[in-house]
Amino acid sequence: MGLFRRSPASKSECDEIGRLLQRYLDNELDVNRACTVLVHLEDCKRCGLEAASYREIKQSLRRTGRPDEQTASRLRKFAESLTTTDHR
Amino acid sequence: MQEELTYPQEGNGESDAAFSRYVLPELDVLYRVGQSITHNHADTEDLVQDTLIRAYRAIDRFDGRYPRAWLLTTLRNTHINRNRRRRPELLRDPALDMDRLAATKIGDADDPEATVVDPVLDASVKDALEALPPRFQIPIELVDLAGLSYREAADQLGVPVGTIMSRLHRARRRMRTQLEAIGFRELELD
């Protein structure tokens, strides 16, 4: 914890961060606004936990449906065979 | 079940190069979005293979812009065509859902993110996604599963970027609410 701790975030600040949060999580914000959100999430427990929950959902979605190694290899071979095989 | 798609004629060097350049890097994305559509590994593999054949046949007409969006459109059209041809009794076989849970991975040493995988959370997130109406589900598939930017997703759906943002926001809020309703309070309250 730093010596100069920021005062607790106001509700309007949290509302503003709430409007930016999804774009922040999707890397769709410019650097300045992304920094603003990042600093707020570190300071405000409520918004930080909200962001963490959305992040968990996003990570879970990214895991969803990922092909196993064998499937990925079969698909790659199939795709490559389209360009290398005479199918006539 | 493999569809009766005819194999493409042998391509020329240019179309082969275009296929390798635009399509091969997207196999993982095609599989992930296909999985969210079919909910079944065997069907997904068939769907992706058919999509690859269609993409190969059409690669000469593809202008090179937004390959991922183009491939996802091809995937969706392929899925629609497959279902049209499929016998009704084969649609939505509940037994096929069983391999959804069985297929959940519980950790992957090469992927730090996967070391904390909670299979129950993943299955519940998947259920929450499937419970969404299509207008909310599809933006999630495009942005979170396929990794499209807001602009690419908007172009794919023919809607303004603001609509994508609003639908994503509402979709995620619904999913989060549903997860909390079934006991995932720790997501928010630690």
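Reply: A residue is termed buried under 20% relative accessible area, exposed over 50%, and partly exposed in between. The model is a predicted one.

Me: Why is Glu16(A) called partly exposed?

Reply: Glu16(A) has a relative accessibility of 35%.

Me: Why is Arg19(A) called exposed?

Reply: The relative accessible area of Arg19(A) is 53%. Because exposed means over 50%, Arg19(A) is placed in that class.

Me: What makes Glu16(A) and Arg19(A) a salt bridge?

Reply: The closest N and O atoms of Glu16(A) and Arg19(A) are 3.2 Å apart. A salt bridge requires a side-chain nitrogen of Lys or Arg within 4 Å of a carboxyl oxygen of Asp or Glu, so the pair qualifies. Both residues lie in helix 1 (residues 11–25) of chain A, three residues apart, and are therefore separated by about one helical turn.

Me: What makes Lys58(A) and Asp144(B) a salt bridge?

Reply: Their side chains meet with an N to O distance of 2.5 Å, and the limit is 4 Å; the pair therefore meets the criterion. This pair crosses between chains, from helix 3 (residues 45–63) of chain A to helix 7 of chain B. Asp26(A), Lys58(A), Asp144(B) and Arg172(B) are linked in a network of salt bridges.

Me: Why are Lys58(A) and Asp144(B) called buried?

Reply: Lys58(A) has a relative accessible area of 9%, and Asp144(B) has a relative accessibility of 5%. Buried means under 20%, so Lys58(A) is buried and so is Asp144(B).

Me: Why is His79(B) called buried?

Reply: His79(B), in helix 4 (residues 67–85) of chain B, has a relative accessible area of 19%. The cut-off is under 20%, so His79(B) counts as buried. Leaving aside neighbours within four places in sequence, His79(B) is in contact with Ile37(B), Thr38(B) and Leu47(B).

Me: How do you know that Arg173(B) is partly exposed?

Reply: Arg173(B) has a relative accessible area of 44%. Exposed would need over 50% and buried under 20%, so Arg173(B) is partly exposed.

Terms used
Residues numbered from 1 in each chain as written. Chains lettered and ligands numbered in written order. Predicted model: local features only at pLDDT ≥ 70, side-chain atom pairs only at ≥ 80, totals over all residues. Heavy atoms only, no water. Buried < 20%, exposed > 50% of the residue type's maximum accessible area, 1.4 Å probe, protein only. Helix = DSSP H or I, 4+ residues; strand = E, 2+ residues; numbered from the N terminus. Contact = heavy atoms within 4.5 Å.
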